[in-house]
Structures are given as structure tokens and as C-alpha cells.
Amino acid sequence: MTHGFHVHDERHFVETYSLRQAWEVDLHPEDGCGGPVDLHIELDVDPRTLLAFEDAVLGSPGRGRSAGRVSFPLVMTWSLPPMPHGPDLLRLAIDLAPIGGLEMPLEVTATDAFAVADRGSERRISIVARRASH
């Protein structure tokens, strides 16, 4: 399947004491391998939600939830390269707001890092989208 992305890492975690599961994938645009933009996708599933989903798929009565109410929280984080002069965060957040809309609002964050105290900082921008998909 051609999807235009290069996958760097895939992980599946299972918490032994709660049976909570998480799937993570790190990728970037295929034509930008070694480039500046990275995307991290995380799907975190509560065991009760997984059981309700299984019940809905198998056609058995749900355990207090209907098939339409099963949701899986999805978090996507885009990391941009360090910038010596980062953008105005409020302007960036306003410009990006229509992309995610109300269903998947985008959170814009900046971190200033000083590698050496006598040099200027580098600003790293990350954009996070959270959605409980049904």
C-alpha cells in the first residue's frame, strides 16, 4: 500500500496490572526522510473500552455501552525542526485552527533550548491533536 509515509518505529504496550494497551507509530513524509518534520501517533485503549468494542463486533449485548459509544483516544504529535527565530505562537495557532476544526483542536507548543549559555536559544515547535474517535 502506498501512503506516502516512512515508518520509523512501531510499538505496542500492555500494562500488566490494568491491561491498558497503547499502540504508537513514529513516521514522517516519505520524500522527507531525514527531513525536519516527524509525526508520532498514539492510540491508548482502556481495557473496558476494548471489551465493549469486542462485544459490539461480536454482536453480543454491550456491557453498559452501546456500539456507537465506543471511542478510542487518538493523539497525533507533529515535531518541527529547531528554529533560531520561531513564529508567533498565537498567529500560528489561529492559522492552524481551521485544519483541525472543533472535532480535533490543535495545540501549539514551543520550547526554547539553550545548548550553550553564551549562544542564542533554538525554538522547537510541536503541534498536538487529540481526538476520541468513534
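**Figure 1. D26 forms a salt bridge with R11, with closest N and O atoms 3.0 Å apart.** A salt bridge here is a side-chain nitrogen of Lys or Arg within 4 Å of a carboxyl oxygen of Asp or Glu. This pair links distant parts of the chain, D26 lying in strand β2 and R11 in strand β1, 15 residues apart. The model is predicted: local features need pLDDT of at least 70, side-chain atom pairs count only at pLDDT 80 or more, and totals for chains, interfaces and linings use all residues. Residues are numbered from 1 along each chain as its sequence is written, and side-chain values use heavy atoms, with hydrogens and water left out. E24 also forms a salt bridge with R11, the closest N and O atoms being 2.9 Å apart. E24 is buried, with a relative accessible area of 14%, whereas R11 is partly exposed at 22% (buried means under 20% relative accessible area, exposed over 50%, partly exposed in between, with a 1.4 Å probe and protein chains only). Salt bridges that share partners join D9, R11, E24 and D26 into one network.

**Figure 2. Strands β1, β2 and β3 are joined by antiparallel pairings.** Strands are DSSP runs of E with at least two residues, helices are runs of H or I with at least four, and both are numbered from the N terminus. Two strands pair if DSSP finds at least two bridges between them. Nine bridges connect β1 (residues 5-14) to β2 (residues 21-29), and F5 stands opposite P29 in β2. The two strands form a hairpin with six residues between them, and L19 in the turn has a positive phi of about 65°. Seven bridges connect β2 to β3 (residues 38-45), where H40 stands opposite D26.

**Figure 3. The largest nonpolar core consists of M83, L96, V108, I125 and I127.** Such a core is a set of buried Ala, Val, Leu, Ile, Met, Phe, Trp, Tyr and Cys residues joined through side-chain atoms within 4.5 Å. Not counting residues up to four places away in sequence, the contacts of I125 include W78, L80, M83 and V108, a contact being heavy atoms within 4.5 Å. In soluble globular proteins, nonpolar side chains tend to be buried together.

**Figure 4. E107 and R130 meet in a salt bridge through their side chains (3.3 Å, N to O).** E107 belongs to strand β5 (residues 106-113) and R130 to strand β6 (residues 122-133), 23 residues apart. E107 is partly exposed at 38% relative accessibility, and R130 is partly exposed at 47%.
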